[in-house]
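Hi everyone, thanks for coming along.

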Amino acid sequence: MSRERPRRVNLPPVQQNIEKLENMINEGNCYGAQQMYKSISARYSSAQRYSEALDLLYSGACLQLKKGQVTCGSELAVLFVETLVKGKVPYDDDTCDRVRAIYKMFPQIPLPQHLGDLGDDDADVQQLTEAIGAAKTRVECCSSFLRAAIRWSAEFGAPKNGSPELHAMVAEYMFSESPELDMARISYHFVRGNDPKKFASTLVNFMGKCYPGEDDLAVARAILMYLAMGNLRDANFLMEEIKKQVEDTKIELPKSDLMRFINYLLPTLQRDSLPLFNMLRVSYKASIDREPIFNELLEETAEKLYGVQRRNPLQGMFGDIFKMM
């Protein structure tokens with residue numbers, strides 16, 4: 001059976017459509033332009049003219065985001081990535097530059113750090129509520145775009161976990177823009193990123209404004225995530241960088257049992273000392289049990305660094321669910 005050829009479609013040069021749709025947006029018709037971006041790019045894709053479809057979607061995503069149309073812009077940004085996949089476009093510097101350029105167009109608008117920064121009247125409360133809602137939308141839209149880009153990169157030439165640069169982007173945006181910080185998700189992307197120094201400054205920043213008892217959990221989680229990936233080098237670098245950076249601030253490193261465990265664990269893992277590793281886990285069990293994922297991360301660490309096979313294959317279930325985030 002012969003393979004069906006794509007139907008030939010008479011389409012104008014893409015630049016004509018780009019200019020026409022830019023004019024529509026500049027005249028304020030963002031929604032009408034949005035529908036045309038989607039329908040016209042679909043025609044180019046159907047004709048397997050992926051390069052032109054990408055040019056159109058790239059232009060539209062950047063312009064919509066520049067105009068503050070976050071939902072519209074992110075929708076086109078995701079379509080841009082989906083077209084990369086359809087066209088089997090390889091992961092390379094030129095395409096990453098385009099992804100990076102779209103990312104930089106997402107607005108960055110600081111929120112009040114404390115409710116007390118605003119007054120008590122209804123107008124202030126309404127203003128804060130709207131600002132928080134807008135921030136959540138920005139984070140979800142940007143994260144959806146970058147997660148799609150990470151999946152594309154992993155399939156078409158980047159390391160198996162996806163582009164480290166893209167992971168760093170989503171981590172930084174989530175930390176800077178999220179009104180409710182989820183350090184587990186942020187750390188998940190940072191440990192797959194390429195900037196442990198930035199990760200350290202992010203953790204120090206978080207330690208300066210988090211609730212008591214959250215600081216040592218955040219640092220320990222970050223270290224254990226690196227270790228669970230077999231990345232002892234960056235785990236050590238992160239810990240040393242955090243210690244170095246807090247010296248220049250009024251922030252103090254937590255002095256909890258959990259932090260003592262981490263400080264003993266790192267040098268232990270540099271030696272071939274599985275018995276000492278197991279002894280530490282027993283001695284600091286109460287601290288490790290403060291967060292259920294820690295035991296799972298330590299199981300993966302033992303497997304990666306000591307070759308210890310899991311006795312129960314279901315032990316990895318929680319880690320796999322966590323990774324899916």
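**A short tour, starting at a loop**

Let's begin at Pro159, which touches Ala154 and Pro164, leaving aside residues up to four places away in sequence. Before I go on, please keep in mind that what you see is a predicted model. Pro159 sits in the loop that links helix H6, residues 122-155, to H7. Now look along the chain to Arg192, which is 33 residues away from Pro159 in sequence; the two C-alpha atoms are 9.9 Å apart.

Let me step back for the overall picture. The chain has 16 helices and zero strands. Of its 325 residues, 47% are buried. And if we take contacts between residues at least 6 apart in sequence, 65% of them join residues at least 24 apart.

Back to H7, then. How do the axes of H7 and H8 cross? Helix H7 covers residues 164-177 and helix H8 covers residues 183-190; their axes come within 7 Å and cross at roughly 155°. Angles over 145 degrees count as roughly antiparallel, and H7 and H8 are therefore roughly antiparallel to each other. Their crossing is left-handed. Which residues make the contact? From H7 we have His167, Ala168, Val170, Ala171, Glu172, Met174 and Phe175, and from H8 come Met183, Arg185, Ile186, His189 and Phe190. By type, the residues of this contact split into eight nonpolar, two polar and two charged.

Next, please find helix H4, residues 70-86. H4 has 17 residues and spans 24 Å from its first C-alpha to its last, close to the 24 Å expected at 1.5 Å a residue. Several residues of H4 are buried, including Val70, Leu76, Phe80, Val81 and Leu84. Cys72, Gly73, Ser74 and Thr83 are also among the buried residues of H4. Just past the end of H4, Lys88 takes a positive phi of about 55°.

My last stop is Lys197, in helix H9, residues 196-207. What does Lys197 touch, not counting residues up to four places away in sequence? Lys197 touches Phe237, Glu241 and Gln245. Take Gln245: Lys197 and Gln245 are 48 residues apart in sequence, yet 9.7 Å apart in space from C-alpha to C-alpha.

That's my tour, and I'm happy to go back to any of these spots on the screen.

Notes
Residues numbered from 1 in each chain as written. Predicted model: local features only at pLDDT ≥ 70, side-chain atom pairs only at ≥ 80, totals over all residues. Heavy atoms only, no water. Axes fitted to C-alpha atoms, helices over the stretch in contact; angles between N-to-C directions. Helix = DSSP H or I, 4+ residues; strand = E, 2+ residues; numbered from the N terminus. Parallel < 35°, antiparallel > 145°, perpendicular 65-115°, else oblique. Left-handed = near helix turned anticlockwise from the far one by under 90°. Contact = heavy atoms within 4.5 Å. Nonpolar A, V, L, I, M, F, W, Y, C, P; charged D, E, K, R; others polar. Expected span 1.5 Å × (residues − 1). Buried < 20%, exposed > 50% of the residue type's maximum accessible area, 1.4 Å probe, protein only.
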